[in-house]
Amino acid sequence: MDSLTQIVLGAAVGEAVLGKKAGNKAMLYGAIAGTIPDLDTFSSFFTDTITATEIHRGFTHSILFSLFFAPILGWLIFKIEKNNIPSIKDWSYLVFWSLFTHPLLDAHTTWGTQLFWPLDLRIAYKNIFVIDPLYTLPFIIFLLITFFQKKGSPKRKRYNQLGIIISSIYMMFTIGIKIYTYQIFLKSLKENHIDYINIETKPAPFTSFLWTANIETEKNYLIANYSIFDTQKIKYKSYPKNHHYLKNLSDNETIKRLIKITKGWYTITNKHDQLYFNDLRFGVLSLEEKEPTFAFSYKISNKNNIISITEVPKNKKQAKKLLSDLWIRIWGN
């Protein structure tokens with residue numbers, strides 16, 4: 001999830017674990033610990049594009065990371081506070097849960113997390129977008145109310161619990177709506193006599209009311225949108241796989257790593273003899289364009305048989321237009 005949501009979650013967890021003893025300091029250190037796993041994003045400054053992508057939500061989002069660093073950070077907080085109440089054990093307990101709930105939340109997004117690193121297993125339930133105001137805003141409101149309550153006050157505990165409960169109920173709602181819309185897509189595919197190999201669904205940006213399905217067929221990928229307010233049949237847009245453009249490059253180790261990252265959900269486009277590798281999992285930046293611009297696209301450079309990958313910068317104008325189109329699309333077709 002986005003940094004703000006992880007800060008709020010970390011603060012709420014810190015309050016739940018140690019608020020009675022530490023008051024607002026529990027929120028503060030919980031919020032800090034809740035953001036630490038995302039420090040892996042800085043790897044992009046020190047390594048290549050693919051390696052940075054592989055690292056993201058890897059080790060720092062694992063159970064092992066939480067277990068290893070919780071006592072270290074707990075000891076550090078204890079030294080900073082310079083008192084015996086709370087104890088090192090108390091602070092370590094707070095840090096562990098603030099660190100661990102971060103990847104638990106991220107596991108619900110499309111990218112997922114390697115919770116059981118070093119096992120090569122990425123958990124991604126794909127039931128909530130990385131930024132969802134309906135999840136975060138109620139959480140923030142109750143956390144702010146909690147912040148202004150006296151330490152040890154029954155109201156303080158109650159308000160914090162309400163924030164956690166409401167956000168958890170909404171998360172359960174997104175899982176339910178994912179199951180419901182998935183069945184709608186399957187029914188539509190059957191009605192349209194579409195033979196498919198695989199299907200994945202995910203929520204549209206900022207909402208759980210509009211969903212996108214990626215459908216793999218023999219030669220193409222289909223992308224379809226469905227809003228719970230739709231009254232007309234689902235429409236599909238076809239995107240050719242064009243995997244043949246890779247030719248002998250498909251055996252290149254760099255390309256293999258990129259294919260592995262996308263779990264096989266990718267297309268290749270050829271623009272003026274320049275190849276681009278498009279990660280299909282995150283869709284396109286336009287609901288209308290005939291020539292799609294993918295949210296995540298990588299330029300493939302081949303110099304002297306050395307392959308290098310560069311992420312294509314996102315078009316901000318297209319992104320703004322997409323948000324406007326999505327807002328209209330949410331309310332039905």
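This is a predicted model: local features need pLDDT of at least 70, side-chain atom pairs count only at pLDDT 80 or more; totals for chains, interfaces and linings use all residues.
Local features need pLDDT of at least 70 and side-chain atom pairs count only at pLDDT 80 or more, while totals for chains, interfaces and linings use all residues. Residues are numbered from 1 along each chain as its sequence is written, and side-chain values use heavy atoms, with hydrogens and water left out.

Helix α4 covers residues 63-81; helices here are DSSP runs (H or I, at least four residues) numbered from the N terminus. Its 19 residues should span 27 Å at 1.5 Å a residue, and the end C-alpha atoms are 27 Å apart, which agrees; the expected span is 1.5 Å times one less than the number of residues. The helix bends by about 35° at Phe-69, with Pro-71 following within four residues; this bend is the angle between axes fitted to the seven residues ending there and the seven starting there. After α4 comes Lys-82, with a positive phi near 55°.

Among the buried residues of α4 are Phe-65, Ala-70, Leu-73 and Ile-77, where buried means under 20% relative accessible area with a 1.4 Å probe, protein chains only. Their cover includes α2 (24-35) and α5 (88-106). Val-95 is in contact (heavy atoms within 4.5 Å) with residues including Phe-69, Leu-73 and Ile-77, its neighbours within four places in sequence being left aside.

The largest nonpolar core has 20 residues; such a core is a set of buried Ala, Val, Leu, Ile, Met, Phe, Trp, Tyr and Cys residues joined through side-chain atoms within 4.5 Å. Elements giving two or more residues to this core are α1 (3-22), α2, α4 and α5, and α5 gives the most, with 6 residues.

Terms used
Buried means under 20% relative accessible area, exposed over 50%, partly exposed in between (1.4 Å probe, protein chains only).
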